[in-house]
Amino acid sequence: MRIALISDPHGDLVALLAVISDIERQRDLDEVLVGGDLAQGGPQPGEVVDEIRRRGWPSVRGNSDDFLVQVADGTLRAPELPEGLITSATWSAGRLGADRIDYLRSLPIAIERDVDRLGRVVLVHATPWSNEEVVLPDAESEIAQRMVSESGARVLAYGHIHTPYQRRVGDSVLLSVGAIAGSNDADPRSAYTILDLGATVAVEVRRVDCPKVARLAAYERSGMSLSDQRRASLFEPGALPVRSRPGAVITLWP
Ligand SMILES: [Mn+2]
């Protein structure tokens, strides 16, 4: 079974479409699963949600999806949040409208698949117990163990941290799939992961170049305000080291 895992498009349709065109060049994919954080932050929140729904790709619900639902419902209880974030989420929620907000609300916390000869494969946004907690690649082994055991997964995949990596945890594999919009590691390109699952787990991280001019133009057309800092951060490397060689296929188990 071959599954592509994508995550965190954050309303960036240009980056999502660049990743989709790379996915369409892959052979023998059985399924594409989405790790959440679909809409908040980018210039085309509605279009990103529509693209994923139209393709029938199942998604989990990220923390920023919950955030948009709360903003739309008027139930947000977080007075300490920066005003700019509230303004941006209010703009996104307005662009989404009630039907897409209901779709975000309906998303599950986890997606599970049973794979022959391997066992359960689970995708969550951040951890099995929270779609917000941050588990970095070098997290203590106790945390990595808890991730795997709470999900009961042979392979536990997550998004949220915007950097792809993989590690073995006992008899299981823990991995983060990378982000479509904005990597937090030294490679600023979009990242996603392909799993080849059977008696072994083979992981391929793919990095995809996103057309700069089109991406910036989408921000400018949207009318959303984009600080100089945020504009630069779209294309600049992040602080974390790159953990996996793009394109390399790593067989992790058994
Ligand atoms: Mn997130």
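Is R117 buried or exposed? Let's find out, keeping in mind that the model on your screen is predicted.

**First stop: R117.** Select R117, in the loop between strand 3 (110-115) and strand 4 (119-124). R117 has 9 C-beta neighbours inside 10 Å, so it counts as exposed. Check the backbone too: phi of R117 is near 70°, a positive value in a residue other than glycine. Most residues other than glycine have a negative phi.

**Second stop: H160.** Now move to the loop between strand 5 (155-158) and strand 6 (165-169), where H160 has its place. Phi is positive here as well, near 70° for H160, again in a residue other than glycine. H160 counts as buried because 26 C-beta neighbours lie inside 10 Å.

Next, colour the five strands of an open sheet, which follow the order 2-1-8-9-10 with mixed pairing. Look to the edges for strand 2 (31-34) and strand 10 (249-253): each has a single partner strand, so one side of each has no neighbour in the sheet. From one strand to the next, the twist averages 25°. Then zoom in on strand 1 (residues 2-6) and strand 8 (residues 190-197), which run antiparallel and are joined by four bridges. Pick A4 and you will find its bridge partner, I194, in strand 8.

**Last stop: a helix pair.** Select helix 1 (residues 13-24) and helix 6 (residues 212-222), whose axes come within 8 Å and cross at roughly 145°. Show the side chains of L13, V14 and A15 on helix 1, and of A214, R215 and A218 on helix 6, to see who makes the contact. Five of these contact residues are nonpolar, none is polar and one is charged.

Conventions. Residues numbered from 1 in each chain as written. Predicted model: local features only at pLDDT ≥ 70, side-chain atom pairs only at ≥ 80, totals over all residues. Axes fitted to C-alpha atoms, helices over the stretch in contact; angles between N-to-C directions. Helix = DSSP H or I, 4+ residues; strand = E, 2+ residues; numbered from the N terminus. Contact = placed C-beta atoms within 7 Å. Nonpolar A, V, L, I, M, F, W, Y, C, P; charged D, E, K, R; others polar. Pairing = 2+ DSSP bridges. Buried ≥ 20, exposed ≤ 12 C-beta atoms within 10 Å, placed from the backbone.
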